[in-house]
Amino acid sequence: MLGLPGLAVVVLFNYVPLLGNVIAFKDYVPYVGILESPWVGWQNFQVIFNGDPEFLTALSNTLIISLVQIAFVFPVPIALALLLNSLVSERIKRVVQSVLYLPHFMSWVVVVAIFQHMLGNAGLLNSWLRSQELVTLPIIGNPDLFIGLITSQVIWKDAGWGTIIFLAALSNIDVQLYEAAAVDGASRLRQLWHVTLPGIRSVIFLMLILKLGDVLTVGFEQILLQQGPVGLHASEVLDTYVYRNGVLSGDWGVAAAVGLVKGLVGVMLVLGANRLAHVFGERGVYSR
Amino acid sequence: MAPPSPLMRGSKGLLLMLCCAVVIVPFLSVVSTSLASPAEVTAAGGYVLWPSQPSLDAYRAIFAGGVVTRALLVSVGITVVGTTLSLACTTLLAYSLSRPGSFGSKPVLMIVLFTLLFSPGMIPMYLLIKQLGLLDSYWSLILPGLISGFLVIIMRGFFLDLPGELFDAARIDGANEVQTLLRIVVPLSKAVMAVVGLFMAVAYWNAFFSALLYINDTDKWPLQLVLRSYVVNDTPVGAEGFVGEVAPPQQSLQMAILVVSLIPIVLVYPFLQRHFAKGMLIGAVKG
């Protein structure tokens, strides 16, 4: 069968690793090996059940950042798509799109570097403030502004790209609906409310479901790159907690336990959000 | 429909121009700083918005040091090998999933679809790479990302849309599956394969965490990790190999490395841009 090499890779790197979760129930010692390491039952899960303060910080930071980003990041591509869609000139639309899509293809290392270069202590903004003898703004490395900073980075990188799916949905709305609404005397605002938004409602729902399913995962590479100066209290999230405890500190069992619970809850969230969509009569990620 | 009022149009235009400026100005400043002279960088107190006497000294310096050159070669190698293998495996898998009645295609499709619901997790993945003996091997950066379920589904959707008569004709002419794929399907799917391939290439080029996790030997670091250590973590960029009067300032060196890491993306972007609106969306809506 032609698909065999691909299938082998899928199984090896998506399914076989699931067996590795067994070390969540073991006291894994690398040189002893996975099989020979002693079983310890639920001991590694104690950080979750007993509410280890570091774990709770990571959990609450994750949830707060996720919710902030759903509130502030999610609507931006929708608004931007509506704005682009209302442009009359196809050429201007295409030029603006090419510019706004570009940051999506940058790596997080590049985006973080660019932000430091614009907003850092020696960056463009603060050098200018200094040359005008104004007070400089400590934005990078400031724990209080960390959530705002990473949220604006996500908007900068992906808001343009995020418009694609909404633009596709907008282009599928029947023009006759607008004409009928205009004949009925609907203003542009009323057309937006009664024709445009209902027309893209199911796509908005779909994207929101995918976001909700991902609520425990927030920009891992992005945050890992910027944790140093900010400190763990403001910036530790579940993924960085797993990385720090497992790979850096060698506390493999605990890290695997937290990762396993996070993964299971994540799958349940996707399935739950999908169920919720069906209840509201929407299509969901997959059909029933 | 009544045309929008001039005020409305003006404010819309202004808003969009602002959005574009927010994206363009940082890039402009990155390139300018990489080209600026030491005196200008000092005068500006760090970064420059427009160089008055552009020079390529910073680029000469980073390529004289050797670290950036080596990292660039590593990244290019991983991207080329990875993308080629990835495109080949994805096409074969998507094709075999698109043929009706091919052996076991239902369960295999489920296996692929299921991967969209979960990811294996960092620790188990690390253990697997370790068990396979791939730590510190470039294969650890290539193999795990070889197949993306999402791209397989997109490609399969495209293949399913090809007219069935073509396959009938090929069969009557005595073509086997491999011949049908190479002579009929691939030539008709160049656009979608180009888009999918470029997405794979961008993903390989930009990968940073997998290298941090699996590659301990700094001599094997790809460009993104070198970029992190020099530009994000402010490790001083060595310019020992530089022959000239004044070594370029750190800011220029850092921004030069950043520009080098962006060049491949900027080169493929116009091509990508022309195709993705078509290719991706057709697949995405179907998938």
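Two residues are in contact if their C-beta atoms, placed from the backbone, lie within 7 Å. Keep that rule at hand for this tour.

This is a predicted model, in which local features need pLDDT of at least 70 and side-chain atom pairs count only at pLDDT 80 or more, while totals for chains, interfaces and linings use all residues. Residues are numbered from 1 along each chain as its sequence is written, and chains are lettered from A and ligands numbered from 1 in the order in which they are written.

**Stop 1: chain A**

Select chain A. You will find 14 helices and 0 strands. Helices (H or I, at least four residues) and strands (E, at least two) are DSSP runs, numbered from the N terminus. The C-alpha trace spans about 75 × 65 × 40 Å along its principal axes. Of the 288 residues in chain A, 35% are buried. A residue is buried if 20 or more other C-beta atoms lie within 10 Å of its own, exposed if 12 or fewer, and partly exposed in between. Now consider contacts in chain A with a separation of 6 or more: 64% of them join residues 24 or more positions apart.

**Stop 2: Glu133(A)**

Go to the loop between helix 7 (124-131) and helix 8 (146-171) of chain A, where Glu133(A) lies. Its phi is positive, about 55 degrees, although Glu133(A) is not a glycine. Most residues other than glycine have a negative phi. Glu133(A) counts as exposed because it has 6 C-beta neighbours inside 10 Å.

**Stop 3: where the chains meet**

Show both chains. The contact takes 64 residues from chain A and 65 residues from chain B. On the chain A side, helix 1 (residues 4-19) gives the most, with 10 residues. That side has 44 nonpolar, 17 polar and 3 charged residues. Here Ala, Val, Leu, Ile, Met, Phe, Trp, Tyr, Cys and Pro count as nonpolar, Asp, Glu, Lys and Arg as charged, and the others, Gly among them, as polar.

**Stop 4: the domains of chain B**

Colour domain 1 (23-55) and domain 2 (57-286) of chain B. These bounds come from an automatic or database domain assignment. The C-alpha centres of the two domains lie 32 Å apart. In chain B, 10 residues of domain 1 are in contact with 11 residues of domain 2. Helix 1 of chain B supplies the largest share of the domain 1 side, 4 residues. By class, that side has 6 nonpolar, 4 polar and no charged residues.

**Stop 5: Asp136(B)**

Finish in the loop between helix 6 (122-131) and helix 7 (139-142) of chain B, where Asp136(B) is found. Asp136(B) is not a glycine, yet its phi is positive, about 65 degrees. With 13 C-beta neighbours inside 10 Å, Asp136(B) counts as partly exposed.
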